[in-house]
Amino acid sequence: MRQRLIVPSTAAAAFLLLAVPASAADATPGAPGVGDSYYPDAGNGGYDVSHYDLRLKYQPKTDRLEGTATLLATPTQALSRFNLDFTLDVSEVLVGGKKAAHKLTGAHELEITPAGPLEKGKPVSIVVRYSGVPSAVKINGYSAWKRTPDGGVVAQEPESAAWWFPSNDHPTDKATYDISVSVPDDVQAISNGVLASQTSKLGWTRYNWRSTKPQASYLTTLAVGKFDITTDTTASGLPVVNAYSKDLGDNLSPAKASIERTAEIIDWESTVFGPYPFTAVGGYVPNVTSSYALETQTRPFYSPSSFASGANQSIVVHELAHQWFGDSVSVKDWRDIWVNEGFATYAQWLWSEKEGEGTAQELAEYVYNSIPADNDFWKVKPGDPGADRQFDRAVYNRGAVALQALRNTVGDKTFFSILKQWPTENRYGNASVQDFVKFAEKASGKQLAPLFDTWLFQPSKPAVLPAPAVDGGAAKAKKSVTSGLIPPKSWKKIQDAERAHRH
């Protein structure tokens, strides 16, 4: 049947235009990635998430995870469509309480089309119901979710969230978290932050963990298994929760001898880096076959193999230093990894000084003098190492030498002031290598760009290691009798910890 065309009056047309928000009329899809230099498809564009509420149920025997994720987000543009990073099977998506179309695309994209366009700046809720077997999902050939004899663990860098909850998976979009996990009574669930409550019913126990400070998605962790749990408090009253798998065997005692010093180490690091930025602290060691550690926020993950040669407090110092450098102040782009790893490694050098096992200057001299100029070590640029060398030993060791070079140039008083001011003034934010260079220049009143270019961006061995400033404590340190060719006492433990931090 032929339809009659009705042309509305001018007044009616004006009313129709007013009825449609201008932002909705301009709605476009959000980008499927934030455009990171190393991982262009990581994260998503078009919105910011402020909070994740995850309500999960996990059965260790089958590795099956069921979940409902509620995200509170604010569009940063008018959105006709947007993506979340996710891989499990999705049964339903609601946006603003209305059903939304959805499909899995690419390596880890959940593409969502809401019932109507989303207005820029108007907060909206996103509910995703899902289920699946996380360990069966592979992205680029690997899984961040690891099964254990009594459960499962997820802790990986630079991406891990996509295996167990939908997210905007890039450090530039931090949020707070409520993570509620129901597991059989014979196992426990460990996650970030504070354990707000624990209830049991009909053979299942629900653990409710809360993280009330901004947290990057890759720093969000979950471990289910049979654990021995210890509790403590720091000198300032922070709750400390540590968990050890019941089947760590010979690695249990050295793990405890290391991680049970968490409160002591946090108290010491707070004197060096300023007030601790979060509401809880601790660590956990599940029975996994991996060999790395990760600074998962408030509760670092440690592999049992990290303690196979005995106790190693240096690795705990490293992971806890990350709570300031990497967790509170996070990278803007993954090429900025030095603002994480250079500082956490240097924290180990400062701990070595404190323990009388070698000064930071002696450690810097050993790195500089013991590695020949033609070694590939000097070809890696810590300030932009490339995705394939992101966790190269040069990022850690040459990156720490760069900080000692800064210390020698500006003197101890200014240097240690920078170590406190940087994480304090950038708390819960994101920063680049260039941001730190400008910050250090302003704080010291010195032109430091050439120094950082030499140590962080030139693919060659610097001509000289700057000598300690006259006012620096390092200047008074006793020089190595072999001019830096014999490793300080702490060197092996520091390197064991550095190897444990490769991913």
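How many bridges join strand E5 to strand E9, and in which sense do the two strands run? The legends below start there.

**View 1. Strands E5 and E9 side by side.** Six bridges join strand E5 (residues 89–95) to strand E9 (residues 124–132), and the two run antiparallel. Asp89 stands opposite Ser131 in E9. Two strands count as paired if DSSP finds at least two bridges between them. Helices (H or I, at least four residues) and strands (E, at least two) are DSSP runs, numbered from the N terminus. You are looking at a predicted model, in which local features need pLDDT of at least 70, side-chain atom pairs count only at pLDDT 80 or more, and totals for chains, interfaces and linings use all residues. Residues are numbered from 1 along each chain as its sequence is written, and side-chain values use heavy atoms, with hydrogens and water left out.

**View 2. The open sheet around E5 and E9.** Eight strands make up this open sheet, in the order E6-E5-E9-E3-E2-E12-E15-E14, with mixed pairing. Strand E6 (98–99) and strand E14 (194–201) stand at the edges with a single partner strand each, so one side of each is left without a neighbour in the sheet.

**View 3. Strand E2 and its two partners.** Strand E2 (residues 47–59) pairs with strand E3 (residues 64–75) in the antiparallel sense over 12 bridges, and Tyr52 stands opposite Leu71 in E3. E2 and E3 form a hairpin with four residues between them, and Asp63 in the turn has a positive phi of about 60°. Seven bridges join E2 to strand E12 (residues 175–184), and these two strands run parallel. Here Leu54 stands opposite Ile179 in E12.

View 4. Thr296 lies in the loop between strand E20 (293–294) and strand E21 (301–302). Its relative accessibility is 0%, so Thr296 counts as buried. Buried means under 20% relative accessible area, exposed over 50%, and partly exposed in between (1.4 Å probe, protein chains only). Leaving aside residues up to four places away in sequence, Thr296 touches residues including Ala155, Asn192, Tyr218, Tyr284, Gln323 and Asp327. A contact here means heavy atoms within 4.5 Å.

View 5. The buried residues of H10 are Val433, Phe436, Val437, Phe439, Ala440 and Ser444. Seen down the axis of H10, these fall within an arc of 165°, so they line one face of the helix; the arc is that of the directions from the helix axis to the C-beta atoms. The face turned away from the buried side carries the exposed residues Lys438 and Lys442. Among the elements covering the buried residues of H10 are helix H6 (338–355), helix H8 (393–410), helix H9 (412–425) and helix H11 (449–457). H10 is followed by Gly445, whose phi is positive, near 70°.

View 6. An unreviewed UniProt entry places "domain: Aminopeptidase N-like N-terminal" at residues 50–219, where the chain is 0% helix and 58% strand. For "domain: Peptidase M1 membrane alanine aminopeptidase", also from an unreviewed entry, UniProt lists residues 311–455, a span that is 61% helix and 3% strand. UniProt positions are given in the numbering used here, feature names are shortened, and annotations may be inferred rather than shown by experiment.
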